2 protein chains.
Amino acid sequence: QGTRDHPPAQAALRDRLLSAVVSCFKRHGAAAIDTPVLELRDTLVGKYGEGAKLIYELQDQGGELLALRYDLTVPFARYLAMNKITKMKRYHVAKVYRRDNPATTRGRFREFYQCDFDIAGQFDPMIPDAECLKIVHEILSDLQLGDFVIKVNDRRILNGVFAVCGVPESKFIPACSTVDKLDKVPWEEVRSEMVGEKGLSPEAADRIGEYVQLHGGLDLIEQLLQDPKLSQNKVAKEGLGDMKLLFEYLTLFGITGKISFDLSLARGLDYYTGVIFEAVLLQQENEHLEEPVSVGSVAGGGRYDGLVGMFDAKGRKVPCVGVSIGIERIFSILEQRLEASGEKLRTTETQVLVATPQKHLLAARMKLISELWDAGIKAEMLYKKDPKLLKQLQYCEDTGIPLAAIVGEQELADGVVKLRDVATRKEVRM
Amino acid sequence: QGTRDHPPAQAALRDRLLSAVVSCFKRHGAAAIDTPVLELRDTLVGKYGEGAKLIYELQDQGGELLALRYDLTVPFARYLAMNKITKMKRYHVAKVYRRDNPATTRGRFREFYQCDFDIAGQFDPMIPDAECLKIVHEILSDLQLGDFVIKVNDRRILNGVFAVCGVPESKFIPACSTVDKLDKVPWEEVRSEMVGEKGLSPEAADRIGEYVQLHGGLDLIEQLLQDPKLSQNKVAKEGLGDMKLLFEYLTLFGITGKISFDLSLARGLDYYTGVIFEAVLLQQENEHLEEPVSVGSVAGGGRYDGLVGMFDAKGRKVPCVGVSIGIERIFSILEQRLEASGEKLRTTETQVLVATPQKHLLAARMKLISELWDAGIKAEMLYKKDPKLLKQLQYCEDTGIPLAAIVGEQELADGVVKLRDVATRKEVRM
């Protein structure tokens, strides 16, 4: 349940999509790493907030207690700490596992790919953070997914908001995960969860509501920097100062048109410590479907300066910022679009079919195809001793093979091959 | 335990290796598919003989009982049956899981990649089987791993041997998995396991011993076709007839020089029904290491005509033959060879570093790098406001970046960029 096989047409489309994402990561100088699908359970504990209950655990068959990775960020942090690496720019494309309620039409699965790009290291503020946003902008533009917006916020600003609204520090994380639901449910519901489930006072909730419903650009940052309460809060002020610097850099990158400073953005995970962001498609440009499909967030990420330190015996911190591309949702969109266009993706790359017009020529076909393979040419033949020529040409048409190399008795006697262009039916002897 | 992280240098080498294997699979016209890492436990039960105890099971957290896949063959058969596919040529490169005793220096891990190519469908005998062997030959030759031999046998010949030696049919599979150990232990030990653990009579074991220690080529096939006992056995005769045909095709492919018909080859898995094969490296061509590293089998496969039918409600069979490349063992060899050669593999593809010789030019760098990225050029910059030029050039040398695009105050005033070849130090203004 919640997993799927990818038949060749899907695998080919997925391959094309992953190539586009990876080529962007490489354009930004990232190296690839790979980590196991299995992690020690202890590694995953306490990193995912309310997501913890969705972790797949392996049965205790003796030896270590294991779980399937929930994302690629925690394994990356574990990797950095284990190898005492303090500086690295890496990408990782791999499957992760969550025992969530699947919503397969919306591209939500229990096994799904994540495509992560992260920058680890102590650098001048906001330069790597700005690059992560540039990457999201490049990928979503390259893939021509239609209009999008990248919401940006900072955990320090949110924590500042909670503090000045009278929330005790112990309730910052629960308050945060409640605010995170604002993109799906109206403020009234979020407010009642805050007061009911999370135990915030109604007054605190109301004060929070005034902040977290704000969104804008540089003007809003300036306004909040002047806010009599918020400007008195040290972490909020730091966050707002960095947000202003981030907008400066994003202006140099020429991408502020798609960026929205949005105080309702909270992100569910525990480990974020600074800038957070999430990209959302604004509409589906698919006229062929009756209803536009809402696919929600297609990329997200943020800064997590404390996570690596959690895996280091001496607690040494390595500041990190990264982005994860929500490839499954994008895949759903591209798949529906391909279907609507009627375009057929080739699932193989075969250049030539080795064929015979007469019987008893299997040996000639086998010799020729062997020569072609050895020369690096992508070639197929039918696995029949005496196939009909029509069947062989039909196979070319069905699978998109452009050429047929035909050896008949005459060609064999003359020491030539007849090369046929399947579409135009033009033939040359060579 | 038994898993590992792949740092960038390893990931880059692995990427190169997998590309070589996949390009061979594509050369033979295979399409890619992908299946989940998780399978229902029931799907895996009864397919792996003595391997069954090595299956990783997931904890029962409610819902289905799951396990991690043990190979890619059983999921492929499940996929064919579920989708009622009766004809397909596919490849699949993915990780599989076995709770084995790890032997990491020999390239044996609990999580490892398999690279599988399989041909499903009812075709004329031995044509797809011969192609699988051609693929093994191409890959091992392309990778220049040194001399190798591909051992070939047929389960029908083995079963015929067991039958004429007086083994009851119920003990064919246990006898088979014991014979399979002949490549690691001497005949005496195999014999005593047959008699002691597997309950064969000493006479039967001795008779088996006379057959399974034979190996050769077409001559041996002819000899066994004349064998007074074996030639009377229907399945053995079928197997020997097909083996003769296979050798005919392999002669057309020009690869019999590396093929050995070896009656000791049995393969451990339950599901094989016909031709089986295994490629072994004969020696390590690594003069730099003190001892040659024995890495054992580097590819294996065979025919499994009954497996798909086990997943079909009506038992409909789809004949299949396939090959799995033992990428981890090959990887170990390539890694040791690379280490010995002292060659350093680049882990990134960055073409140009955007640099500044003076302070206060971060904005100019950010504007330029943004233009480069948008033009599809792989570019990096240091994440510092005012890095020293020497540090920037040092970074190029450390990571193999060939060019530096330098913007200083003069270049900015002139509206140009100074492009520097890092190795030759030659500069041009452009």
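Predicted model: local features only at pLDDT ≥ 70, side-chain atom pairs only at ≥ 80, totals over all residues.
In total, 10 salt bridges are counted between chain A and chain B. As a general principle, side chains of opposite charge can pair when their charged atoms come close.

## The interface and its symmetry

The contact between the chains involves 74 residues of chain A and 74 residues of chain B. About 6600 Å² of area is buried between chain A and chain B, and carbon and sulfur atoms give 57% of this area.

How are two copies of a chain related in general? They are related by a rotation about an axis and a shift along it. The same surface serves both copies, as 100% of the contact residues of chain A recur in chain B.

## Salt bridges within chain A

Over all chains, the count comes to 66 salt bridges. One of them is formed by the side chains of Arg4(A) and Glu328(A), at 2.3 Å from N to O. Arg4(A) lies in the segment before helix 1 (8-27) of chain A, whereas Glu328(A) lies in helix 11 (residues 327-341) of chain A, so the pair ties together parts that are 324 residues apart in sequence. Both Arg4(A) and Glu328(A) are buried.

Glu411(A), found in helix 14 (residues 409-414) of chain A, forms a salt bridge with Lys418(A), and their closest N and O atoms are 3.7 Å apart. Is Glu411(A) buried or exposed? Glu411(A) counts as buried because its relative accessibility is 6%, under the limit of 20%. Lys418(A), at 22% relative accessibility, counts as partly exposed. Beyond its neighbours within four places in sequence, Glu411(A) is in contact with Ile406(A), Val416(A), Val417(A), Lys418(A) and Arg429(A).

## An enclosed helix

Helix 3 (residues 73-82) of chain A has nine of its 10 residues buried, so it is largely enclosed by the rest of the structure. Among the buried residues of this helix are Val74(A), Phe76(A), Arg78(A), Tyr79(A) and Leu80(A).

Which elements cover the buried residues of helix 3 of chain A? The cover includes strand 2 (38-40), helix 2 (41-44), strand 4 (88-97), strand 5 (111-120) and strand 11 (320-325) of chain A, together with helix 1 (8-27) of chain B. Helix 3 of chain A is followed by Lys84(A), which has a positive phi, near 50°.

## Domains and nonpolar cores

Chain A is divided into domain 1 (8-341) and domain 2 (352-429). The C-alpha centres of domain 1 and domain 2 of chain A lie 53 Å apart.

The largest nonpolar core has 126 residues, of which Phe261(B) and Ile325(B) touch the most other members. Apart from this core lies another, of 99 residues, including Phe172(A), Ile221(A), Tyr249(A) and Ala299(A).

Key. Residues numbered from 1 in each chain as written. Chains lettered and ligands numbered in written order. Heavy atoms only, no water. Contact = heavy atoms within 4.5 Å. Buried < 20%, exposed > 50% of the residue type's maximum accessible area, 1.4 Å probe, protein only. Helix = DSSP H or I, 4+ residues; strand = E, 2+ residues; numbered from the N terminus. Domains from an automatic or database assignment. Core = buried A, V, L, I, M, F, W, Y, C linked by side-chain atoms within 4.5 Å. Buried area = accessible area lost by both parts, 1.4 Å probe. Salt bridge = Lys/Arg side-chain N within 4 Å of Asp/Glu carboxyl O.
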